[in-house]
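Please keep the sequence and the structure in view while reading.

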Amino acid sequence: MAARSPRHPLAGPRRSALRLGAACVAVAATVLGGYGFTQPAPAGPARAVAAEPDDAAAHFVRAALLARQAALAETQRAAAAESARLTEAGKFFYPTVGEVGSGWGMRRHPILGVQRMHEGIDVGSPCDAPVWAVLPGTVVSVGFGKSSGNYVRIDHGLVGGRRLVTSSLHLNTVQVTAGQAVTRGQQIGLSGSTGLSTSCHVHLALTVDGVNSDPLPYLNA
């Protein structure tokens, strides 16, 4: 029988240790796998990530918002232009040469001596000074009244959405006729002191939608 090589004194314990280590690795893999720890997959070739396409709905909303803002800006611009036009259109041409004396409102009548509503403004002027239409319109009546003297009444139609009618009183001479169209600043007569009056002037009266109103704000517009 052939003689066997002498056995290394640590061979047995080493094999036991290797078997124990392998068992520990297996147990650890099982435990860690239960907690979600896994070995990373082997790296493969890099793949390009495709970019997400533009959101068509978001683009549509942005475009609609920009269009709405542009339309709003245009509407505001048009409204401002129309407001300026109406302000200029509604600004009264000064009715005669002179300055405003007695204003609109309650006052003591200079002839009757009683408190009475003064339904207009008095513009002092030299006698026979030209009297002008404050706005374009149509002469609706001319005539003579005991209190008003010679007068001219003009319907100016709708101005800024309101119907304006003016009357010029105490004229010495009327130079227009009923039904006649007049322009802003056109001469309609000569100032005087006819009717209940103490001196030459023009009494300018105004109705707005049929209601007697103060003409002064329209002169100062």
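The largest nonpolar core comprises 11 residues: Phe 92, Ile 121, Val 123, Val 134, Leu 135, Val 159, Leu 164, Leu 204, Leu 206, Val 208 and Leu 219. A nonpolar core is a set of buried Ala, Val, Leu, Ile, Met, Phe, Trp, Tyr and Cys residues joined through side-chain atoms within 4.5 Å. The model is predicted: local features need pLDDT of at least 70, side-chain atom pairs count only at pLDDT 80 or more, and totals for chains, interfaces and linings use all residues. Residues are numbered from 1 along each chain as its sequence is written, and side-chain values use heavy atoms, with hydrogens and water left out.

- A second, separate core has 10 residues, among them Val 131, Val 139, Val 152 and Val 202.

**Disulfide**
- The count is 1 disulfide, defined as a pair of cysteine sulfur atoms within 2.5 Å.
- Cys 127 is joined to Cys 200, with an S to S distance of 1.8 Å.
- The disulfide is right-handed because the torsion about the S-S bond of Cys 127 and Cys 200 is about 90 degrees.
- This pair links distant parts of the chain, 73 residues apart: Cys 127 lies in the loop between strand 3 and strand 4 (130-132), and Cys 200 in the loop between strand 9 (187-191) and strand 10.

**Accessibility of the two cysteines**
- Cys 127 counts as partly exposed because its relative accessibility is 48%.
- Cys 200 counts as buried, at 13% relative accessibility.
- Buried means under 20% relative accessible area, exposed over 50%, and partly exposed in between (1.4 Å probe, protein chains only).

Terms used:
Helices (H or I, at least four residues) and strands (E, at least two) are DSSP runs, numbered from the N terminus.
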